[in-house]
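Dear colleague,

Please find below the structure that I am handing over to you. My findings follow directly after it.

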Amino acid sequence: MENPLDLVKQLRPTTYEFSPQDHPEFNFPSGQQIGFIAQEVEEVLPQLVETMHQGAVFDSLGTQLAAGFDYKTLNYIGLIPVLLGAVQEQQDQMDELKNQLAAMQEALAACCAPSQDGSLMHQPLDSEGEPKNDPALERLLRIDPNPFTDATTLRYTLERAGRVQLLVNSSDGKQLQVLHEGLASAGDHSYDWNTGHLAPGMYYVTLLLDGEPLVKRAVKVR
């Protein structure tokens, strides 16, 4: 089954009550019911909906008491494989996100762990106290200006096309925000980052290209 999660997202669970006085021949249960509207499900999963015909009702003398009509029935059991497929697809997405998070945390630990003197362990500091980046990495992710107050621009260069995510973490590594995600072509890109809601302090911006992380320190001042 392709994209079961997308199918489930299109379904609208609803509550409703039958009108037994309109069709007493169905012996509808009373009170609030929980389920789906067959006509709505038919737009998403037409194979689970069937049109039935209720014949006219006559008394013993042949007088018609109720006209015949068509109605739709929904195969609720047939929804089970769709729901199971959606759960499995969602779990796969969660596993992928966990792997990306683990890779990002590993990158943060490798690049941002403080030594005893408070500097970054594997990166010497420049004259302004910023970590010295490899020139090739500097071309891949830049924060301009940095430090900043209420806004800054993230500029990045992709060596190849792929799925891109821009993440923001606090100084202790907790993920705060997903700034951007989507497919991007190779070349130069930029993102205007509104930081007005952030408290002054140090943050980490992570650029993920197909799950491969690149981390840059960002500093907000008053």
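In this predicted model, strand 1 (14-17), helix 2 (38-44) and strand 6 (69-74) each supply at least two residues of the lining of the largest pocket. Helices (H or I, at least four residues) and strands (E, at least two) are DSSP runs numbered from the N terminus. A pocket is an open set of points on a 1 Å grid over the protein atoms alone where a 1.4 Å probe fits, with protein on both sides within 12 Å along at least five of seven lines; lining residues have an atom within 4 Å of a point. Strand 6 provides the largest share of the lining, six residues. The lining comprises 19 residues, and F18, F28, A38, Y71 and K72 lie nearest the centre of the pocket. By type, eleven of the lining residues are nonpolar, four polar and four charged (nonpolar: Ala, Val, Leu, Ile, Met, Phe, Trp, Tyr, Cys and Pro; charged: Asp, Glu, Lys and Arg; polar: the others, Gly among them). The volume of the largest pocket is about 610 Å³, taken as the space filled by probe spheres set on the points, which are joined across faces, edges and corners.

Two conventions apply throughout. Residues are numbered from 1 along each chain as its sequence is written, and side-chain values use heavy atoms, with hydrogens and water left out. Local features need pLDDT of at least 70 and side-chain atom pairs count only at pLDDT 80 or more, whereas totals for chains, interfaces and linings use all residues.

T14 lies in strand 1. T14 counts as buried because its relative accessibility is 15% (buried is under 20% relative accessible area, exposed over 50%, partly exposed in between, with a 1.4 Å probe and protein chains only). Beyond its neighbours within four places in sequence, T14 is in contact (heavy atoms within 4.5 Å) with Q33, I34, G35, F36 and I37.

M52, in strand 3 (residues 49-54), is partly exposed at a relative accessible area of 32%. Residues up to four places away in sequence aside, M52 touches F69, D70, Y71 and T73. The C-alpha atoms of M52 and T73 are separated by 7.1 Å, although the two residues are 21 apart along the chain.

The chain as a whole has four helices and 13 strands, and 32% of its 222 residues count as buried.

Most residues other than glycine have a negative phi, and most peptide bonds are trans. D144 and P145 are joined by a cis peptide bond with omega of about 0 degrees, and the bond from N146 to P147 is cis as well, with omega near 10 degrees. N27, which is not a glycine, has a positive phi of about 55 degrees; N27 is exposed, with a relative accessible area of 66%. D210, also not a glycine, has a positive phi of about 55 degrees and sits in the loop between strand 12 and strand 13.

Yours sincerely
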